[in-house]
Structure formats: structure tokens, C-alpha cells
Amino acid sequence: MAILDFIFSAFIGILAGLGVGSGGLLVIWLTVLDGVGQLSAQGINLIFFVLASASSLIFHLKSRKILYKTVFFMAIAGVAGTLIGTHFTKFIHPDVLRKIFALMLIFAGCVALIRGLSAKKTSQSNNKKNNENNIEKN
Amino acid sequence: MKKTDRHLFPLIIAAFACGIVTGLLGAGGGVIVTLTFAHYANQLFDDKRDIFANTLCVVLPVSVAASVRYMTLGYVGLKEMLPFALPAVIGGLLGGFLLKKFRAGFVNTVFALITVWSGVYMLMK
């Protein structure tokens, strides 16, 4: 089981490093297969994400355009939100939290699918326009 | 007024919501930030891959704050985290390195399908 944990975690780390996020997949692995409690699994997932994304950050900072001022203010707001969110974990039953988490996963996955399909459609449409322009020129 | 200043307020609201979700569920807050950046992408970025990088820069400190809170609340300790630390770092480095090599669309689709399936499975369990 330790080897499987390592392999699966490394795979999730790659996804986090790519910037698509781990999507809480580690939480599912830990709760369903390793029998870890929901809040513990969430905590492990958070620390895991910090380590994985911090490792990949240098690649992103080198090659991407970062809106430093915007991100700074967003981070402050995000941390403030975190204090509220973590406060509510004391009052919500772990089983209820688990269901909310599952709904969040479905929502996040559907959003990613729709955006992916929409981007593909836009790209195909642009390719068609370019081809038509080339034919006209010729 | 700069383009980024105009969009600052909705982006800050999105980040605040991201913090609440991340604090409550330990994951998923990044989706809100990504969606909001994507909404303003044409005004803010030349390359849409910048969305992921900027999201990471927001979600990382949020996750650090949430991790610290979870540890102080006693939900998780460093001992439980240790087996996952090395694969996290290795995977993260690999992912950052592979960013240029993979088509973002392919990765996004695979991830989306896994996430939806996982959510349904967890809901039914």
C-alpha cells in the first residue's frame, strides 16, 4: 500500500505542478482506500498541494506573466476567507462535509470539461477562418 | 485606470470565496479563481496558460494558511503528512517541467473526467 500511495501521490503532484490542481483526488484516495478521516485527509491534501505547487512555482514564475500587484491583494483576501472556512469545519459533521466535497468535485470537473470543449470549438473555428483566408489569397 | 485595477474588485471577491472553500473543504477553491481569471483573460493576459500560473500564486498562500489552521485545530500532523511529502515535491517538479510539453487541453480533459467520476463515486459511497 505504501508503494501505491507513493505512485498515486506523485501522479497527483504532477497534476498540481502542471497547474490544473489536484482536485482533491488525494482526499478520495485517503478516505476511500486508506480509511483516513475526512478532515485529516483534507489537511494532508492541503499540505500536499503546498509542497507540490511550491516545487513547480519556479517554472511558472520564469515563463509566465504574473500580475504581482493583483495576486498580492487576492492572496490577502484569500487568507481572510480561509479563516472563515476553517472556522466552519468545527460545526459541520464530517459526513456532511464529505457530501459537500463530492458536489464540489462534480462541479469543478464539469466546469473544466465545458471550458475544454469551448476552447476546442473556438480553436476549430479559428482554424477554419484561417483556411478560408488562405484559400481566398490563393 | 489600468486594466488590472478595473478587475481588481471581482478578483478579490473570487479570492475571498476561494479562501472560504479551501478552508472548509481543503480543496477546490482554485476553480473559483481560475474561472474569474478566465472571464477577464482577454483583458489581462496574452497567453491563457498565464491563468494557471496566476491562480497558483493566489491559491498557494491560501493553502499555506489553511494548512496551518488545520494543524492548529488538530486535524492533521506533520507525521501523517511525511509519507506524501517526497512524491509531492517530485511530482510538482515534474509537472512544472512538463508544462511546456503537454497540450493544456489534453491534461484539462483527463483531469476533468477523473474529477467528475471521483465526485459521483464519493457521493454514492
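Patches are made of residues with over 30% relative accessible area and no salt bridge, nonpolar side chains being joined within 5 Å. In this predicted model, a nonpolar surface patch of about 560 Å² is formed by A:Ile3, A:Phe6 and A:Ile7 together with B:Leu86, B:Ile90 and B:Leu94. At least two residues of the nonpolar patch are supplied by each of two helices, namely helix 1 (2-18) of chain A and helix 5 (78-98) of chain B. A:Phe6, which belongs to helix 1 of chain A, has a relative accessibility of 33% and therefore counts as partly exposed.

Between chain B and chain A, an area of about 7,800 Å² is buried, of which 79% is given by carbon and sulfur atoms. On the side of chain B that touches chain A, at least two residues are supplied by each of helix 1 (3-25), helix 2 (29-39), helix 4 (49-72), helix 5 and helix 6 (104-124) of chain B. Helix 4 of chain B provides the largest share of that side, amounting to 20 residues. Counted by residues, the contact involves 84 residues of chain B and 90 residues of chain A.

As to polar interactions, the number of salt bridges between chain B and chain A is zero, whereas 15 residue pairs are found in polar contact across the interface of the two chains, with both residues at pLDDT 80 or more.

Terms used. Residues numbered from 1 in each chain as written. Chains lettered and ligands numbered in written order. Predicted model: local features only at pLDDT ≥ 70, side-chain atom pairs only at ≥ 80, totals over all residues. Heavy atoms only, no water. Patch = residues over 30% accessible without salt bridge, like charges linked within 9 Å, V, L, I, M, F, W, Y side chains within 5 Å. Areas by Shrake-Rupley, 256 points an atom, 1.4 Å probe, with all protein chains shown as cover. Salt bridge = Lys/Arg side-chain N within 4 Å of Asp/Glu carboxyl O. Helix = DSSP H or I, 4+ residues; strand = E, 2+ residues; numbered from the N terminus. Buried < 20%, exposed > 50% of the residue type's maximum accessible area, 1.4 Å probe, protein only. Contact = heavy atoms within 4.5 Å. Buried area = accessible area lost by both parts, 1.4 Å probe. Polar contact = N/O pair within 3.5 Å; in protein donor to acceptor, adjacent residues only side chain to side chain.
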